Amino acid sequence: MACLCCEDAAYIRRMNEQQKLPDQVIAGRVRVEDSWIRGEVWVTGESISAVFPGVDPSKTPGVSRLDVGDAFVLPGAIDSHVHSLSYGGEGVAAATRSAAAGGVTTVVEMPFDVPDPINTLDRLHAKQDMVANEAAVDVAILGTLAPDGGWREAEAMSAAGAVGYKVSLYLTDPHRFPRINDLELLNVMNAVKDAGGTLCIHAENNEIVHGLSDQQDPHDTDPRVHLRTRPPVSETLGVVVALEEAAYTGVRLHLCHLSLPRGAELVSWYKGQGTNASLETCPHYLTFSEDDMMKQRARLKINPPLRPKDAVEGLWNELRAGQIDIVSSDHAPWPLEMKTKKYILENASGVPGVETLPTLVLGQALQRDPSLSLFNAALDAITITPARRFGLSSRKGSLGVGKDADIMVFQPGDQAIDGSAQHSNAGWSPYDGLRPGGAVTHVFSRGTLIYSAADGLNVTLGRGEILTRDEVK
Ligand SMILES: [Zn+2]
Ligand SMILES: [Zn+2]
């Protein structure tokens, strides 16, 4: 029997006979099944044309070549939770430039925009125009469905390209980010099931959070006042409501930004029953505990809130066990003046994070487990799984032949995150000074190098494409 390298050489010879040379080659550590070996990714035009084990420049004479040594050559990340327009000072250009610089080559855009949420066909079309003019990377757009019959818009918006919807069980803003009650949620789920797409849910119990908020002193300066308004049960109750209604209706459910291992366990139980459900957590829940709020104060005011240290460890265990489908940033680019008010409850909730998503997730996974098994789970959670869940996997999420040549290079190391160097207009990062275990050094979007650590961003606004949904069942 021929040895593996002879078989590889024969395979490469065969491929060379069949196919012309690529436009460029990226060599480094590539994933074959679940092992990592030195290999080559061939790029032709905007697509991946081959992935080979082994590195041999003589096979591609004259072809442009980037060899990153032992650094990881990975699919570009998909951040399935980005608010580019919830704060008017950010916008699609800044958020997608920030994405590009961090290795995020696909953004799934949230619908709770200022001044108006994306809850009608006209507003969806207007947002598509804006994205087409401004985006630096590719963007999939979510709609939302207003209370009192807004679910009737789903059919038209899905047909026009919305990849899904997000609604909230908790009232954040009556116009932009309203509450959908349990009865309306049934209508929403039935409508989304018929129209197609993924239904994302912000799961927090409205009565508990608003009731506890009303009991607090609005002039309290203790950061923990935010934690007191949102106990774990306020989140898990929302999770159960969403899961029960999804089990009943059969919608394709995605639970956003879960902060508790208990939430992941609930989702796993429902999946075992056949419910079409997935969940995401975020780097802030994997990095910070509620103790960090005493240091960073309202900078770390986030909904749902940070949790105790054992919950952080529990989330990593759930990720390792394959119980966390997706990790997203929930990028909320508030400027510091909206995060440093004296009275805690007056501050905006959320943190910027699209640019740091890949580095934090991959680097911390490597720090925790050099064997790469946790790294593999972390990688899937920011690439292939969000691609599949949002109907984008025909083009995105892997380095398969024929897929878009969206590639990020991740170099393990001890570089610190510099919050002031981020490309979001937020101008700060809660991770400033953190050494997450590596950095993204090169980013390609559809074959074009749009970022390198050495030369920075080189990206044209408007080059990003609007992604529509693969046919998903
Ligand atoms: Zn949310
Ligand atoms: Zn969000």
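Tyr431 is buried, with 24 other C-beta atoms within 10 Å; a residue counts as buried if 20 or more other C-beta atoms lie within 10 Å of its own, as exposed if 12 or fewer do, and as partly exposed in between, with C-beta atoms placed from the backbone. Tyr431 is found in the loop between strand 13 (407-412) and strand 14 (438-445), where helices (H or I, at least four residues) and strands (E, at least two) are DSSP runs, numbered from the N terminus. Leaving aside residues up to four places away in sequence, Tyr431 touches Thr287, Thr356, Leu360, Ile417 and Gly419, two residues being in contact if their C-beta atoms, placed from the backbone, lie within 7 Å. Between Tyr431 and Ser373 there are 24 Å in space, C-alpha to C-alpha, and the two are 58 residues apart in sequence.

This is a predicted model, in which local features need pLDDT of at least 70 and side-chain atom pairs count only at pLDDT 80 or more, while totals for chains, interfaces and linings use all residues. Residues are numbered from 1 along each chain as its sequence is written, and chains are lettered from A and ligands numbered from 1 in the order in which they are written. The protein chain has a mean pLDDT of 95, with 96% of its residues at 70 or more; pLDDT is the predictor's confidence in each residue, from 0 to 100. Over residues 1-7 pLDDT stays under 50, and the model has 2 contacts beyond four places in sequence for them.

The domain assignment gives domain 1 (4-73) and domain 2 (76-389), with bounds that come from an automatic or database assignment. The centres of domain 1 and domain 2, taken over C-alpha atoms, are separated by 37 Å.

An open sheet of 8 strands runs in the order 3-2-1-4-13-14-15-16 with mixed pairing, two strands being paired if DSSP finds at least two bridges between them. Its edge strands, each pairing on one side only, are strand 3 (47-53) and strand 16 (456-457). Strand 1 (residues 24-32) runs parallel to strand 4 (residues 64-75), to which 5 bridges join it; Gln24 has Ser64 as its bridge partner in strand 4, and Ala27 has Asp67. With strand 2 (residues 35-44), strand 1 pairs in the antiparallel sense over 9 bridges, and the two form a hairpin with 2 residues between them, where Glu33 in the turn has a positive phi of about 55 degrees. Since 7 of the 9 residues of strand 1 are buried, this strand is largely enclosed by the rest of the structure.

Helix 9 (residues 261-272) has as its buried residues Pro261, Gly263, Ala264, Leu266, Val267 and Tyr270, and these pack against helix 8 (232-249), strand 10 (253-255), strand 11 (277-281) and helix 12 (309-320). Just after helix 9, Gly274 takes a positive phi of about 100 degrees.
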